[in-house]
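Here is a briefing on one protein model. Please look over the sequence and the fold before reading on.

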Amino acid sequence: MKQVEDEEILLKFKDEQTRTLAFNLLLQKYQQKIYWHVRRLVIDHDDADDLVQETFVKVWKNLANFRNDSQLYTWIYRIATNESITHLNRKKNKNNVSIDEVNTELAETLAASTHFDGNKIQRQLQAAILTLPEKQRIIFNMKYFDDMKYDEISEVLGTSVGALKASFHIAVKKIELFLKNVD
């Protein structure tokens, strides 16, 4: 099935008659990408489902005000990333634990998940990613898994391209070190 261009989705969304159709096209185009982006951040399938739903509720409520200052998908990624960070911070604050403890809990969730069917190497990579500081983890996931360009990640996170490149490089080195020490 041919994917509809963002401009066409936005045009259809502005018209009351085709608003629902436009939103369904947007969901078809981005829901799976957003799910996996969120899932890699929060690990838990149910949390990811909830956050994707919250993300698209916000998209629905705010799409009419979208100003085309950025690409549509980077705008959606920004909303999804912010929802994920807020969720992780709530989890940390609710349990009054450090982010390291939250990351340990996420790693345990990953190991026990019936929704993750990755092999040993994939699990080790995910465990390595969970040792990264939050921002490095987000940058690594966007670059490595989502194959986003640095300027797109910059739009989502509001960080300079140079800082993103440095963070990604440091994240890769930390992951390599982690994986070398696993064996």
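This is a predicted model: local features need pLDDT of at least 70, side-chain atom pairs count only at pLDDT 80 or more; totals for chains, interfaces and linings use all residues.

Residues are numbered from 1 along each chain as its sequence is written, and side-chain values use heavy atoms, with hydrogens and water left out.

**Overall make-up**

- The protein has 9 helices and 0 strands. Helices (H or I, at least four residues) and strands (E, at least two) are DSSP runs, numbered from the N terminus.
- Along the sequence the pattern reads α-α-α-α-α-α-α-α-α.
- Of the 183 residues in the protein, 45% are buried. Buried means under 20% relative accessible area, exposed means over 50%, and partly exposed lies in between (1.4 Å probe, protein chains only).
- Contact means heavy atoms within 4.5 Å. Among contacts between residues at least 6 apart in sequence, 60% join residues at least 24 apart.

**The largest nonpolar core**

- A nonpolar core is a set of buried Ala, Val, Leu, Ile, Met, Phe, Trp, Tyr and Cys residues joined through side-chain atoms within 4.5 Å.
- The largest one holds 47 residues. Leu-26, Ile-34, Phe-56, Leu-72 and Ile-76 touch the most other members.
- Two or more residues come from each of H1, helix H2 (19–42), helix H3 (45–62), H4, H6, helix H7 (134–145), H8 and H9.
- H2 gives the most to this core, with 11 residues.
- Ile-76 is in contact with Leu-26, Tyr-30, Ile-34, Thr-55, Phe-56 and Val-59, leaving aside its neighbours within four places in sequence.
- In soluble globular proteins, nonpolar side chains tend to be buried together.

**Helix H8 and its crossing with H4**

- Helix H8 spans residues 150–157, and helix H4 spans residues 72–94. Their axes come within 8 Å and cross at roughly 50°. Axes are lines fitted to C-alpha atoms, for helices over the stretch in contact, and angles run from 0 to 180 degrees between N-to-C directions.
- H4 and H8 are therefore oblique to each other. Angles under 35 degrees count as roughly parallel, over 145 as roughly antiparallel, 65 to 115 as roughly perpendicular and the rest as oblique.
- The crossing of H4 past H8 is right-handed. A crossing is left-handed if the near helix is turned anticlockwise from the far one by less than a right angle, and right-handed if clockwise.
- On the H4 side, Tyr-73, Thr-74, Tyr-77, Arg-78 and Thr-81 make the contact. They meet Glu-152, Glu-155, Val-156 and Leu-157 in H8.
- By class, this contact has 4 nonpolar, 2 polar and 3 charged residues. Ala, Val, Leu, Ile, Met, Phe, Trp, Tyr, Cys and Pro count as nonpolar, Asp, Glu, Lys and Arg as charged, and the others, Gly among them, as polar.
- H8 is largely enclosed by the rest of the structure, because 6 of its 8 residues are buried. These are Tyr-150, Glu-152, Ile-153, Ser-154, Val-156 and Leu-157.
- The buried residues of H8 pack against H4, H7 and H9.
- Gly-158 follows H8 and has a positive phi, near 65°.

**Ile-153, inside H8**

- Ile-153 lies in helix H8. Its relative accessible area is 0%, so Ile-153 is buried.
- Beyond its neighbours within four places in sequence, Ile-153 is in contact with Ile-139, Met-142, Lys-143, Met-148, Gly-158 and Leu-164.
- Ile-153 and Tyr-77 are 76 residues apart in sequence but 9.0 Å apart in space, C-alpha to C-alpha.

**H6 against H9**

- The axes of helix H6 (residues 120–130) and helix H9 (residues 161–182) come within 9 Å and cross at roughly 130°. That makes H6 oblique to H9.
- H6 passes H9 in a right-handed crossing.
- H6 supplies Gln-124, Leu-125, Ala-127, Ala-128 and Ile-129 to the contact, and H9 supplies Ile-175, Phe-178, Leu-179 and Val-182.
- The residues here divide into 8 nonpolar, 1 polar and no charged.
- Gln-124 is in helix H6. With a relative accessible area of 19%, Gln-124 is buried.
- Leaving aside neighbours within four places in sequence, Gln-124 is in contact with Phe-178, Leu-179 and Val-182.

- Glu-7 sits in helix H1 (residues 6–14). Its relative accessibility is 57%, so Glu-7 counts as exposed.
- Glu-7 and Asn-68 are 61 residues apart in sequence and 9.5 Å apart in space, C-alpha to C-alpha.
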